[in-house]
Amino acid sequence: MGPRSGDGIGDAAAFLPYGRQVLDDEDIAAVVEVLRGDWLTTGPTVDAYEERFRDLTGAAHAVACSSGTAGLHLAALASGIAPGDRVLVPAVTFLATANAVRFVGGEVVFADVDADTGLMTPATAAAALAAATGPVTAVMPVHLTGQTVDLSTMGAVLDGRRLIEDACHALGSRYPGMAGDDVAVGACPFGGITMFSSHPVKTIATGEGGMLTTNDGELAALLRRLRNHGMTRDAGALTRPELAFDPVSGAVNPWYYEMAAPGLNYRLSDLHAALGLSQLGKLPGFIAQRRALHAHYHAGLGALGPHIRPAGLAPKGVAAWHLAVALIDFDALGVTRAAVIDGLRARGIGSQVHYLPVPWQPYYRDRYGAGDYPGAAAYYRRILSLPLYPAMTIGDVDRVLDALDAVAHGR
Ligand SMILES: Cc1ncc(COP(=O)(O)O)c(C=O)c1O
């Protein structure tokens, strides 16, 4: 089934946002089926969604949660990041990556990024580690735009540190594993936890939603406990036998649970899981279309004159492309970024900036000082994310390229 008819998606005259969900009647029917059933949350559809995610990524465990941000918080808690622990985070990412460190009392050590890709590199990570005021115990690489940080070349950076990959942008992307082999993002070839988001602009949509993958059974069990208030009913984990077990049968009392450490309610509902499961069935088609549209952008942006070009391609990995980013020398063109965004909007085209460097945010600037992130500053100065989602056509991309050409060059 294609996009829903009558919603204007794919229509040449329709507004093209920078990103949006693509839902069809099958997706809607999947959610309605759950609405008619017995389980709105903590039910079998969440289990099925997690199982499908395991199959897709090759990870041993998948734990669904209520958002990518919730997932990062859970991952930080489960990884044992404690007050005062230093954690490496790239300067260009969404707020949530760094904020997760602060939620658990950790301190963020920002790494600069490559000026053309926005990705943390072995050199920028090593420089940040060398400049840190103390030992850095965890690393949170961000696979920005769907391109991947090449962790296979970052042995010295990983070096026994806990790892949380922010793969919000990278569902369906592939990268080199431990032996330089071709691995799905989410397979966790370097250990630790990988986090995905299914916010509507991401590769699949559940409204709000997140997924954590790991190959470590103990980490997975801890993530499951933490997303549900820290509760467990697992007989092997119970520590108060006089309360826990029926004295006659020896079974766990049916009402009983224990909490070793407080958790949260970060559960994903079965409604969201039903949408996610249905969307995963369309993932191969979504990725193929994203790649085709991105390839067209890449070639077209390269032909828009000396002051506009596509963002750089990472040296390794096969991206599923969450974002199509242009690098624009606004100064040389004599036009502001706001004017370009407004001009595109007037032509029915949305665009966005991903992202203002996080250390520039008042909260982080106050806490850690201004810092010096020349790569992030150069990337940020030129970036503009253009519409990219699977319901778009190659003709839509041409329309965006024509509009950008006209607006940027004052035509
Ligand atoms: C890189 C990155 N990390 C984390 C998040 C947070 O995900 P969510 O919106 O699902 O909470 C996002 C979402 O925008 C993101 O782009």
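Select Thr-145 to begin: Thr-145 is located in the loop between β4 (136–139) and α6 (155–158). Helices (H or I, at least four residues) and strands (E, at least two) are here DSSP runs, numbered from the N terminus. The phi of Thr-145 is near 65°, a positive value in a residue other than glycine. Thr-145 counts as buried because 26 C-beta neighbours lie inside 10 Å. The term buried requires 20 or more other C-beta atoms within 10 Å of the residue's own, exposed means 12 or fewer, and partly exposed falls in between, with C-beta atoms placed from the backbone.

The model on display is predicted, and for this reason local features need pLDDT of at least 70, side-chain atom pairs count only at pLDDT 80 or more, and totals for chains, interfaces and linings use all residues. Residues are numbered from 1 along each chain as its sequence is written.

**The open sheet**

Next, display the open sheet of seven strands, whose order is β1-β9-β8-β5-β4-β2-β3, with mixed pairing. Two strands are taken as paired if DSSP finds at least two bridges between them. At the edges stand β1 (61–65) and β3 (107–111), each with a single partner strand, so one side of each is left without a neighbour in the sheet. From one strand to the next, the twist averages 30°. Such angles run from 0 to 180 degrees between N-to-C directions, and the axes are lines fitted to C-alpha atoms, for helices over the stretch in contact.

Select β1 together with β9 (residues 210–214): five bridges join these two strands, which run antiparallel. Within this pair, Val-63 has Leu-212 of β9 as its bridge partner, and Ala-62 has Thr-213 of β9. Which residues of β1 lie on each face? His-61, Val-63 and Cys-65 are on one side and Ala-62 and Ala-64 on the other, and all are buried. Five of the five residues of β1 are buried, so β1 is largely enclosed by the rest of the structure.

Helix α2 (residues 44–57) lies across β1 and β9 and runs at about 135° to β1. Helix α7 (residues 217–226) also packs on the sheet, where it touches β1, β8 (193–197) and β9, and its direction makes about 15° with that of β1. Contact between two residues means that their C-beta atoms, placed from the backbone, lie within 7 Å.

Move along to β2 (residues 86–90), a mostly covered strand with five of its five residues buried. Arg-86, Leu-88 and Pro-90 are buried on one side, and Val-87 and Val-89 are buried on the other. β2 pairs with β3 in the parallel sense over five bridges, and the bridge partner of Val-87 in β3 is Val-108.

**The ligand shell**

Centre the view on the ligand. Of the 14 residues around the ligand, Ser-67, Gly-68, Thr-69, Cys-168 and Ser-197 come nearest. A residue is near a molecule or strand if its C-beta atom, placed from the backbone, lies within 6 Å of it. The elements giving two or more residues to this shell are α3 (68–78) and α4 (95–103).

**Helix α10**

Select α10 (residues 283–301), the helix in which Ala-288 is found. At 1.5 Å a residue, the 19 residues of α10 should span 27 Å, and its end C-alpha atoms are 26 Å apart, which agrees. The expected span is 1.5 Å times one less than the number of residues in the helix. Among the buried residues of α10 are Phe-286, Ile-287, Leu-293 and Tyr-297. The buried residues of α10 pack against β12 (308–310), β13 (324–328), β14 (383–386) and α15 (394–408). Is Ala-288 buried or partly exposed? With 13 C-beta neighbours inside 10 Å, Ala-288 counts as partly exposed.

**Loop residues**

Select Thr-41, in the loop between α1 (25–35) and α2. Thr-41 touches Arg-267, Ser-269 and Asp-270, not counting residues up to four places away in sequence. Thr-41 counts as partly exposed, with 15 C-beta neighbours inside 10 Å.

His-229 has a positive phi of about 70° although it is not a glycine, and is partly exposed, with 15 other C-beta atoms within 10 Å.

The last stop is Tyr-355, in the loop between α12 (337–346) and α13 (362–368). The peptide bond from His-354 to Tyr-355 is cis, with omega near 10°.
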